[in-house]
Amino acid sequence: MATMTESRTLYDTIGGAETLRAMVDRFYDLMELEPEFAGIRAMHPPSTDGSRDKLYWFLTGWMGGPDLYQEQFGHPRLRARHLPFAVGSSERDQWLRAMAWAMEDVGIAEDLRLRLMESFYQTADWMRNKAD
């Protein structure tokens, strides 16, 4: 997913560290503020500071920026790291809705939001580990 062209990564296209950090922070702010995201909020510790950092670090590398997450924790092993949490269609959809809202709020262009949502959906759907 990382490269868009040979010289410009998705990380660059989205606006680099500043935009990505704003997007991740808005995602977690929405999770904490909006009742519709209570299901996924309950899966996180009382403080989301560590979760915010981990998602930011992961997405930075995933989008073609520095491999911040892998440098600290090794391979992300997303599914394995999420197995302790019951993730079904409702949790997947809450995560996707919060991320779509966050991207819109920080001004990610619609065509890029749509492209990202396709990839986010594939990953979020793969993370499901409980029957609905």
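Modeller: The radius of gyration is taken over C-alpha atoms, and the globule rule is 2.2 Å times the number of residues to the power 0.38. The model is predicted: local features need pLDDT of at least 70 and side-chain atom pairs pLDDT 80 or more, while totals for chains, interfaces and linings use all residues. Residues are numbered from 1 along each chain as its sequence is written, and side-chain values use heavy atoms, without hydrogens or water.

Colleague: What radius of gyration does the chain have, and what would a compact globule have?

Modeller: The chain has a radius of gyration of 14 Å. A compact globule of 132 residues would come out near 14 Å, so the two values agree. Along the principal axes, the C-alpha atoms fill a box of roughly 40 × 30 × 25 Å.

Colleague: How many helices and strands are there?

Modeller: The chain has eight helices and zero strands; helices are DSSP runs of H or I of at least four residues, strands runs of E of at least two, numbered from the N terminus. Read from the N terminus, the order of elements is α-α-α-α-α-α-α-α.

Colleague: What share of the residues is buried?

Modeller: Of the 132 residues in the chain, 38% are buried (under 20% relative accessible area, with exposed over 50% and partly exposed in between, for a 1.4 Å probe and protein chains only).

Colleague: And what share of the contacts joins residues at least 24 apart?

Modeller: The figure is 69%, taken among contacts between residues at least 6 apart in sequence. A contact means heavy atoms within 4.5 Å.

Colleague: Turning to Arg-92: buried or exposed?

Modeller: Arg-92 is buried, because its relative accessible area is 11%. This arginine lies in helix 7, which covers residues 89-105.

Colleague: Which residues is Arg-92 in contact with, leaving aside its neighbours in sequence?

Modeller: Beyond four places in sequence, Arg-92 is in contact with Tyr-121, Ala-124, Asp-125 and Arg-128. With Tyr-121 there is also a polar contact between the two side chains, at 3.5 Å. Such a contact is a pair of N or O atoms within 3.5 Å; within protein, one must be able to donate a hydrogen and the other to accept it, and residues adjacent in sequence count only if both atoms are side-chain atoms.

Colleague: Where is Glu-32 found?

Modeller: Glu-32 is in helix 2, residues 16-33. Glu-32 counts as partly exposed because its relative accessibility is 40%. Apart from residues within four places in sequence, Glu-32 is in contact with Arg-41, Thr-48 and Arg-52. The side chain of Glu-32 makes a polar contact of 2.8 Å with the side chain of Thr-48. Between the C-alpha atoms of Glu-32 and Ala-42, ten residues apart along the chain, the separation is 9.6 Å.

Colleague: You mentioned Arg-41. Which helix is Arg-41 found in?

Modeller: Arg-41 belongs to helix 3, residues 38-41, and it counts as buried because its relative accessibility is 17%. With neighbours within four places set aside, Arg-41 is in contact with Met-31, Glu-32, Pro-46, Ser-47 and Thr-48.

Colleague: Back to helix 2. What does Thr-19 touch?

Modeller: Thr-19, also a residue of helix 2, touches Ile-14 and Ile-108 when residues up to four places away are not counted. A polar atom of the Thr-19 side chain lies 3.5 Å from the backbone oxygen of Ile-14. Thr-19 and Gly-107 are 88 residues apart along the chain, yet their C-alpha atoms are separated by 8.8 Å.

Colleague: Where is the place of Phe-73?

Modeller: Phe-73 sits in helix 5, which spans residues 68-73. Phe-73 counts as partly exposed, because its relative accessibility is 34%. Leaving out residues up to four places away, Phe-73 touches Lys-54, Trp-57 and Arg-81. From Phe-73 to Phe-58, 15 residues apart in sequence, the C-alpha to C-alpha distance is 10.0 Å.
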